Amino acid sequence: MSAKKVFFFILFCYAFVTNAQKLQIETSKNELKNIESILLQEKNFGTDTIALSKYLAPLNKITKYQSIYKGLLANGYSNYYNRRNKTSENYYLNSIQKAKDSHSISLEIWTKLNYINYLYFYRDYITLTPFLLEIMENIEPLPAKEIVNADETYKRIGWILQTFGDYDKSLHYLKLAEKQAVKNTSEYASILNSIGLNYLYIKDYKMASHYLNETAKMAKLIHDDVRYAKALGDLATVSQQNGDFETAIAFLKKDIQISEEYKSDQNTMYASILLAELFLKKNRLEESLEFLKKAENIAVKKSYFKKSELQIIKLKLKILQQKNSVENELNLRRRMVAIEDSLQKEDGDVAINQANWIIEKNNYQQRIDKEKYKYEATLKKFYIIIVTMVASMVLLIFVYFIKKNNDRQLQYDEKVKALASEKAKMEQNVQETLKSQIEYLKEKNVQIKNLKKEIENIHDSSLHYLERRKGKLNALLQSHAMTNEEWAAFKKEFQKELPRFYALLQDDFPTIIGQDKRLLLLQKLDFSNNEITELLQMTNEDIKESKQKLREILGDKFKVLFGRFS
């Protein structure tokens with residue numbers, strides 16, 4: 001057979017196979033399953049838009065599937081242009097409108113998420129945010145069985161919220177995705193990986209390691225080598241955070257090897273940048289430059305890799321700084337400025353912050369609306385029941401306050417009785433010895449402090465009005481004041497135990513009397529300033545000043561009195 005005949009035969013076979021391709025539309029009673037079946041048949045026709053249109057033609061003939069037809073057509077033109085384009089965007093918006101017209105909330109969620117995936121791929125976070133908020137609002141009350149490809153939907157929302165730094169909300173959706181996904185599939189492994197990354201971002205390295213290792217095991221089990229490579233790359237970050245740089249380097253090298261083998265350029269680029277960063281930290285500059293070059297060759301090919309290109313340039317500038325070199329620095333800095341200016345509108349932190357602001361604003365408005373609704377509903381219910389309940393409520397309130405008042409009265413009286421009992425018991429136990437007198441004064445000091453604390457606590461409690469009206473605790477506090485008879489008994493026992501101290505004080509300093517004399521006696525017995533304060537009913541400052549004054553009066557005799565005398 002001649003070469004020409006072979007060529008025409010191959011061309012005929014290709015045309016036959018291409019024309020034989022036809023999208024199958026199921027007609028089961030479960031409409032959601034029918035839609036999911038259609039979406040599973042989506043294909044990438046590359047630049048062959050004629051084949052794309054023919055393949056999707058069956059959908060165009062069915063009114064209820066117009067939104068899906070427009071959405072898949074938009075995806076096809078996105079593949080064709082391999083960049084943002086007006087044709088795709090018109091189809092996406094038309095798809096959303098068709099879904100709204102059909103009054104199918106399931107289709108409306110799918111069409112919006114389909115458009116969001118396009119915007120997310122090209123890093124237009126600001127445009128996608130309003131659509132994302134609408135989906136989140138619509139999806140919350142819906143059961144999973146009413147959501148098209150629920151696991152994929154939850155996962156996509158989780159991914160985007162992860163990008164925005166809303167890790168709590170992201171984890172919520174990723175966990176929902178985990179529940180819905182079929183085990184031992186690439187989809188399930190992808191969800192596990194995303195949950196692991198979420199924990200990594202919040203620095204919960206234990207949970208991150210668990211989920212990423214589970215991802216690697218799952219990927220191995222189902223022979224998803226690219227997913228396995230990505231899991232290794234993420235595990236490298238965990239190893240780096242734990243200080244194990246060599247393991248991190250080994251993981252990333254394996255990640256790059258597998259990614260290159262399967263032509264996963266984006267993953268090769270990300271892993272190469274991470275490895276270059278590690279080599280830079282280890283001062284292995286030439287190896288760092290080698291992998292930066294590998295990443296750069298990929299980054300410059302796509303406009304939506306600008307953020308990665310910026311990261312590469314910054315790492316190169318750091319290497320130049322460490323080398324004390326200025327080679328190509330000017331060109332690098334010019335490119336860096338150009339990219340940063342571009343990213344202000346697209347993939348940069350400003351764009352993400354603006355998207356976050358919109359989300360927060362929307363959340364705030366939702367909270368206000370929710371509270372307003374709750375308030376209005378409560379108010380209506382209140383007006384309905386108030387007429388029939390008012391008498392019962394008044395009676396209940398009256399009984400409640402009577403009981404509460406009696407309980408407080410009882411509580412107050414028992415408190416006063418207990419404190420008075422402690423005082424009486426203390427006074428009964430005092431004996432005619434100095435040791436007993438000291439114990440009595442110290443115990444009195446403790447009770448005075450406790451009583452003051454109780455009075456202070458009562459002022460801040462529900463019993464305050466009882467103390468204000470009856471004053472029993474204050475009266476008990478006043479009764480703790482030392483009487484002249486008690487001081488006389490104390491002085492008598494002191495004189496017996498320390499006669500020389502007392503005689504010297506009495507004979508040489510007859511002018512020291514009253515509070516000053518009591519202060520010196522208590523000081524001799526090693527009572528602290530705080531204890532003396534309560535017993536003499538003086539302030540701490542007054543005690544200090546009195547002690548200083550008495551020390552000056554005693555002069556040289558101070559050491560005699562408080563030194564050798566016992």
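Q: At 55% relative accessibility, does Lys217 count as buried or exposed?
A: Lys217 counts as exposed at that value, because the cut-off for exposed is over 50% relative accessible area. Please keep in mind that this is a predicted model.

Q: Which residue does Lys217 meet in a salt bridge?
A: The partner is Glu214, and the N to O distance between the side chains is 3.7 Å. That falls inside the cut-off, because a salt bridge needs the nitrogen within 4 Å of the carboxyl oxygen.

Q: Where do Lys217 and Glu214 sit in the chain?
A: Both belong to helix H11, residues 205-221. Glu214 has 31% relative accessibility and counts as partly exposed.

Q: How far apart are the closest N and O atoms of Arg156 and Glu152?
A: They are 2.7 Å apart, and the two residues form a salt bridge. Helix H8, residues 150-163, holds both; they lie 4 residues apart, so the separation is about one helical turn. Arg156 is partly exposed at a relative accessible area of 24%, and Glu152 is partly exposed at 21%.

Q: How many salt bridges does the structure hold?
A: There are 17. One of them is formed by the side chains of Arg84 and Asp124, at 2.5 Å from N to O.

Q: How many helices and strands does the protein have?
A: It has 27 helices and 0 strands.

Q: What share of the residues is buried?
A: Of the 566 residues in the protein, 41% are buried. The protein exposes about 32600 Å², and 53% of that area comes from carbon and sulfur atoms.

Q: What share of contacts joins residues at least 24 apart?
A: Taking contacts between residues at least 6 apart in sequence, the share is 62%.

Q: What does Thr268 contact, leaving aside its neighbours within four places in sequence?
A: Thr268 is in contact with Ile256, Ser259, Glu260, Lys294 and Ile298. Its place is in helix H14, residues 265-281. With 3% relative accessibility, Thr268 counts as buried.

Q: What shows where empty space is left?
A: A probe the size of a water molecule is rolled over the atoms. In this structure, the search finds 2 cavities of 30 Å³ or more.

Q: Which residues line the second largest cavity?
A: The lining is made of Glu42, Lys43, Phe45, Leu52, Tyr55, Leu56 and Leu72. By class, 5 are nonpolar and 2 are charged, with no polar residues. Helix H3, residues 49-60, gives the largest share, 3 residues. The volume of this cavity is about 30 Å³.

Q: What is the volume of the second largest pocket?
A: The volume is about 380 Å³. Its lining has 15 residues; Glu140, Lys169, Asn362, Asn363 and Gln366 lie nearest the centre. The classes are 5 nonpolar, 3 polar and 7 charged.

Q: Which helix gives the most to that lining?
A: H18 does, with 7 residues. H7, helix H9 (167-180) and helix H18 (349-429) each supply at least two residues of the lining.

Q: Where is Lys203, which has a positive phi although it is not a glycine?
A: Lys203 lies in the loop between helix H10 (186-201) and H11. Its phi is about 65°. Lys203 is exposed, at a relative accessible area of 59%.

Q: What is the phi of Asn149?
A: The phi of Asn149 is near 45°, which is positive in a residue other than glycine. Asn149 is found in the loop between H7 and H8, and counts as partly exposed at 25% relative accessibility.

Note on methods:
Residues are numbered from 1 along each chain as its sequence is written. This is a predicted model: local features need pLDDT of at least 70, side-chain atom pairs count only at pLDDT 80 or more; totals for chains, interfaces and linings use all residues. Side-chain values use heavy atoms; hydrogens and water are left out. Buried means under 20% relative accessible area, exposed over 50%, partly exposed in between (1.4 Å probe, protein chains only). Contact means heavy atoms within 4.5 Å. Accessible areas come from the Shrake-Rupley method with a 1.4 Å probe; for residues, only the protein chains shown count as cover. On a 1 Å grid over the protein atoms alone, a cavity is a set of points where a 1.4 Å probe fits but cannot get out, and a pocket is an open set with protein on both sides within 12 Å along at least five of seven lines; lining residues have an atom within 4 Å of a point. Grid points are joined across faces, edges and corners, and a volume is the space filled by probe spheres set on the points. Ala, Val, Leu, Ile, Met, Phe, Trp, Tyr, Cys and Pro count as nonpolar, Asp, Glu, Lys and Arg as charged, and the others, Gly among them, as polar.
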